[in-house]
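Biologist: Can you walk me through this model? I'd like to start with the inside.
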Amino acid sequence: MKLNIILISILLTLSACGYSMRGSISIPSSIKSISVTSSQYSELVDILNSSLNSSNIKSSISKDDDMHGIVILSETFNRRQLSINAAGRVNEYELIYSVNFELKIPNKKSIKDRVILYRDYSFDENNVMGNSDRESDIQKGMMFTVSTLIFNKLIALTKKE
């Protein structure tokens with residue numbers, strides 16, 4: 001009996017503080033489906049579609065004007081040196097992820113926006129394979145962050161309807 005009371009109080013506390021599983025989104029119930037498109041293959045589009053599907057919202061590639069839409073116009077990853085050691089070799093890199101996107105709200109003017117994220121990491125010249133894995137993981141995390149930012153912007157615009 002005590003275990004049930006403890007479990008229920010933990011669940012109530014988690015739900016009251018706004019906790020949600022990573023990758024889950026809270027789209028208003030007025031949105032039943034969202035079109036997610038890009039002119040070229042984009043892993044970001046896959047992440048956006050996966051988040052929608054896990055939240056039981058249909059994703060589509062339709063360009064229908066009567067449907068909410070997210071269009072990825074362009075995205076780029078750039079890398080630059082942040083610091084070098086005494087031997088002139090790179091110690092740190094900075095990754096820059098830039099995404100231009102357009103949000104389409106039915107019966108409203110579409111809105112274009114841009115997100116730029118910066119992340120840095122240490123570079124070990126003795127572990128090149130580990131560095132490429134680390135960079136790949138950071139890029140993936142940046143894409144998840146951008147997808148969340150895009151959904152938050154869409155939700156904010158939808159609430160203004």
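Biologist: Which residues line the largest cavity?
Modeller: This is a predicted model. In it, the lining is Ser38, Ser39, Gln40, Ser42, Ile72, Leu73, Ser74 and Glu75.

Biologist: What volume does the largest cavity have?
Modeller: About 30 Å³. A search of the whole structure finds one cavity of 30 Å³ or more.

Biologist: How does the lining split by class?
Modeller: Two residues are nonpolar, five polar and one charged.

Biologist: And which element gives the largest share of that lining?
Modeller: Strand 3, residues 68-84, with four residues.

Biologist: Ser42 was on your list. What does serine 42 do at the start of helix 2?
Modeller: A side-chain oxygen of serine 42 comes within 3.2 Å of the backbone nitrogen of leucine 44.

Biologist: Which of its residues are buried?
Modeller: Leu44, Val45, Ile47, Leu48, Asn49, Ser51 and Leu52.

Biologist: What follows helix 2?
Modeller: Asparagine 56, with a positive phi near 60°.

Biologist: New topic, the largest nonpolar core. Which residues touch the most other members?
Modeller: Ile34, Leu44, Ile70, Ile72, Val146 and Ile150, out of 30 residues in that core. Two or more residues each come from strand 1, helix 2, strand 3, strand 4, strand 5 and helix 3.

Biologist: Which one gives the largest share?
Modeller: Helix 3, with eight residues.

Methods: Residues numbered from 1 in each chain as written. Predicted model: local features only at pLDDT ≥ 70, side-chain atom pairs only at ≥ 80, totals over all residues. Heavy atoms only, no water. Buried < 20%, exposed > 50% of the residue type's maximum accessible area, 1.4 Å probe, protein only. Polar contact = N/O pair within 3.5 Å; in protein donor to acceptor, adjacent residues only side chain to side chain. 1 Å grid on protein atoms, 1.4 Å probe; cavity = no way out; pocket = protein on both sides within 12 Å on 5 of 7 lines; lining within 4 Å. Points joined across faces, edges and corners; volume = space filled by probe spheres on them. Nonpolar A, V, L, I, M, F, W, Y, C, P; charged D, E, K, R; others polar. Core = buried A, V, L, I, M, F, W, Y, C linked by side-chain atoms within 4.5 Å.
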